[in-house]
Amino acid sequence: MKRLQKILVYVLGVVVALLFLAGLYLYFGVIRPALPQLDGKLAVDGLETAVTVYRDGSGIPHIVAKNDHDLFFAQGFVHAQDRLWAMESARRAAHGRLSEVIGDRGLNNDRFMRILGMTQSAEADWTVLDVETQTALQAYADGVNAYLAQAGGKLPLEFKILGIEPEPWTPIDSLVFGKLVAWGLSNNYQDELIVSQLADVVPWEQALAILPDYPGPDVIPDANKTAGLSETAVSLLNFSAQGQQVAPISRPDQGSNTWVAGGTHTASGAPLLANDPHQGLSMPSLWYEAGLHTSDGRYDVVGASLPGLPGIEIGHNGRIAWGVTNARPDVQDLFIETLNEAGTQYQFQGEWRDLTLREEVIQVKGGDPITLQVRSTHHGPLVSDAAEDSDQHLALRWTGLDEGRPLAQSILSLNRAQNWDEFRAALALWQLPGMNFVYADADGYIGYQMSGAVPIRAANDVFGLLPVSGADGSHEWTGFIPFDEMPSALDANGDFFASANNRPVGADYPYFLSHYFQPPYRVALIGDFLRNGRDLTADDFASLQASWNSDINRQVAQAIAAEAVAASEQEQKAQQLLAEWDGRMTPDSPAAALSEAALWALLRQLLTPELGAEVTESYLSLAGYPYMFLQNQLDDPASVWWQGQRAKLLQAALATAVDELSQQMGDDPTAWAWGDIHAITFAHPLGSVGPLAPIFNRGPFPTGGNWNTVNSGAYYPDNRYAMGLGPAYRIISDPAVWDNSRSIIPTGQSGQPFSPFYDDQISPWLAVEYHPLPFTLTAVQSAAEYTLQLNPE
């Protein structure tokens with residue numbers, strides 16, 4: 001027995017030693033060599049003159065160059081140093097080439113991106129750019145490739161695990177990445193598919209009651225135009241959802257906040273501007289902070305960049321600051337096409353036209369190549385071909401596909417803008433995606449401008465709600481809203497502007513913008529705060545960005561507390577929690593969890609009898625509509641949707657919520673906490689592989705908020721309560737003293753899990769804390785903890 005024990009101890013010791021040696025090899029042989037050099041000097045082929053990169057304690061690089069070429073070359077180099085895998089995976093997702101590295105799991109994404117023709121669209125974008133922007137894109141690509149040449153085989157861990165090497169970066173890769181980001185901000189075609197399901201189960205007048213607008217459409221369309229579309233809708237929605245699992249950046253983003261207060265409201269007497277775009281949260285973050293500075297001052301800008309694109313998308317220069325939200329314009333239409341029996345022609349205004357055909361070959365790791373025939377009408381590609389079991393032919397028209405869009409040129413023009421006129425000139429080129437911009441400048445002016453190519457339709461009878469006939473020609477796009485007639489305002493008196501994806505103009509605006517605006521809860525809270533605010537400071541703006549107040553949840557809680565008749569002692573305890581609650585969706589609140597569960601339960605009680613369970617669940621995945629529908633019911637006790645049983649339905653919602661939460665958190669409602677079921681996990685694509693999760697993922701972290709709080713805690717319908725979207729960047733820009741600006745991203749600057757900058761910003765982000773965002777060279781040099789000089793070879 002002793003001999004056996006000795007053998008076991010010896011074997012265990014050998015195993016431990018081998019694991020220790022493997023760990024040493026992994027760290028010193030794979031991980032550490034892949035971490036970028038941050039200090040000292042590097043000789044880099046392709047530079048014209050020396051460039052200095054100062055990095056502060058958060059790993060934020062400030063690039064100081066003598067000319068534009070070297071500035072963007074160095075930005076490409078630095079992006080690749082910190083985010084090479086994120087750039088690689090994003091361009092593969094956009095080009096439709098994920099299957100080459102992850103096998104058939106990537107096929108849904110790849111089929112859809114190939115059908116859309118994202119690569120061809122990016123190539124069209126290139127042709128409309130001016131020479132200066134093309135030169136900047138090429139310099140950026142050369143910088144990325146200079147890093148690849150320097151790194152050699154010392155690549156980030158993801159490349160080692162998947163056994164691949166990155167191809168050289170090209171300007172088209174940058175443009176197709178920008179197109180993918182725009183796609184995630186322009187996805188209302190999915191809403192049309194869901195609405196078509198509604199139109200199949202209830203009369204159109206009834207469907208409109210659950211699709212409230214700002215205000216609702218006043219023309220009733222012929223809902224028979226979509227008859228029989230439900231199966232196609234379900235098939236295509238399921239297909240899209242599966243593709244988004246491997247390419248999260250393509251998932252629709254639903255919210256953001258930005259506001260600016262003029263000097264009459266601030267302590268400094270100068271404007272103050274805040275922004276927090278709400279997007280998918282992952283490892284690493286979507287955004288990457290940087291400062292871009294040329295010695296001639298032509299570029300002198302700081303803020304959030306997108307690794308893969310040159311320039312700064314959100315931030316400020318020495319004269320102006322800007323923030324953005326998704327304007328949610330209706331820039332997509334689905335056309336129901338009539339094809340001939342052979343599937344080679346489509347009907348338009350009584351004539352048969354040939355379909356445009358394009359062949360795509362998708363390489364699949366571990367499998368045979370797949371040949372895909374892409375068919376298109378003049379409206380756009382037949383996206384229904386992506387779902388092989390589709391029984392209808394749906395063509396998608398999207399402003400991102402129909403002609404070249406100079407987004408990259410707009411970004412660089414915006415970075416150089418010195419005043420309102422130059423700001424607007426830059427945004428005239430920001431044709432995709434459609435955005436709300438707020439503006440502040442050093443002279444005290446504040447402003448608002450909507451951007452984007454928003455189509456004018458021959459007939460707006462369905463206001464973008466439903467797929468329309470492509471055969472009769474009555475729904476064609478006839479042009480785009482002229483930029484000078486887009487919503488815009490400049491305020492020299494210094495009041496305020498606020499945008500939270502709400503409708504930007506009143507019902508008297510002469511053009512149709514959208515049916516897809518967000519509920520007014522966030523913008524109402526922001527507006528009240530600014531309207532009543534005096535001597536506001538950045539600390540006050542930070543407190544507003546931290547707000548977890550949800551008005552719709554508070555109203556649900558009050559209705560249940562006042563009208564429901566609790567059927568058990570447990571329900572009475574829950575009801576008392578709701579009665580005493582202040583409407584704040586804090587992580588430790590039992591009532592916050594209860595109100596959220598009751599809100600969804602109440603919507604199901606109201607809708608399922610008319611829509612059925614399946615269509616109800618589809619409807620509840622729409623952004624905005626369910627909350628506005630519920631608001632109308634809470635405001636109208638006599639609404640037909642209560643079926644004359646308001647108190648009974650409120651009690652049923654309470655009972656359902658109590659039962660649901662009891663199963664998840666125990667029988668005592670006072671011990672429940674919203675953060676116990678509402679947590680954020682910053683997930684990396686490779687973190688879905690069990691043994692790799694501890695390496696790449698971070699979390700879960702209990703957190704607060706929901707869809708309707710300023711400090712967003714949004715979640716996707718397919719993962720109820722688990723936070724998936726939120727503030728992907730927070731910035732407060734201070735034109736009074738630019739160096740007093742502050743910001744934070746959710747995770748960290750680096751995409752490498754063993755870098756100190758991989759997850760160092762998670763804790764302050766959760767606490768709504770910030771780091772300084774230095775701007776002047778003196779402040780940048782003072783904050784620098786690392787200094788890297790890039791020299792020409």
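Modeller: Two strands count as paired if DSSP finds at least two bridges between them, and please keep in mind that this is a predicted model. On that basis there is an open sheet of 11 strands with mixed pairing, in the order β1-β31-β2-β3-β6-β7-β8-β9-β17-β18-β22.

Colleague: What makes β1 and β22 the edge strands?

Modeller: Strand β1 (40-44) and strand β22 (488-491) each pair on one side only.

Colleague: How do you know that β17 and β18 pair?

Modeller: Five bridges join β17 (residues 435-441) to β18 (residues 446-450), where at least two are required, so the two strands pair. They run antiparallel, and V438 stands opposite Y448 in β18.

Colleague: Why is the contact between D68 and R298 called a salt bridge?

Modeller: The closest N and O atoms of D68 and R298 are 2.4 Å apart, and the limit is 4 Å, so the pair qualifies. Because D68 lies in helix α2 and R298 in the loop between β6 and β7, the pair ties together parts that are 230 residues apart in sequence.

Colleague: Why is R298 called partly exposed, whereas R114 is called buried?

Modeller: Buried means under 20% relative accessible area and exposed over 50%, with partly exposed in between. R298 has 31% relative accessibility and therefore counts as partly exposed, while R114, at 9%, counts as buried. E360, which forms a salt bridge with R114, is also buried, with a relative accessible area of 11%.

Technical notes: Residues numbered from 1 in each chain as written. Predicted model: local features only at pLDDT ≥ 70, side-chain atom pairs only at ≥ 80, totals over all residues. Heavy atoms only, no water. Helix = DSSP H or I, 4+ residues; strand = E, 2+ residues; numbered from the N terminus. Salt bridge = Lys/Arg side-chain N within 4 Å of Asp/Glu carboxyl O. Buried < 20%, exposed > 50% of the residue type's maximum accessible area, 1.4 Å probe, protein only.
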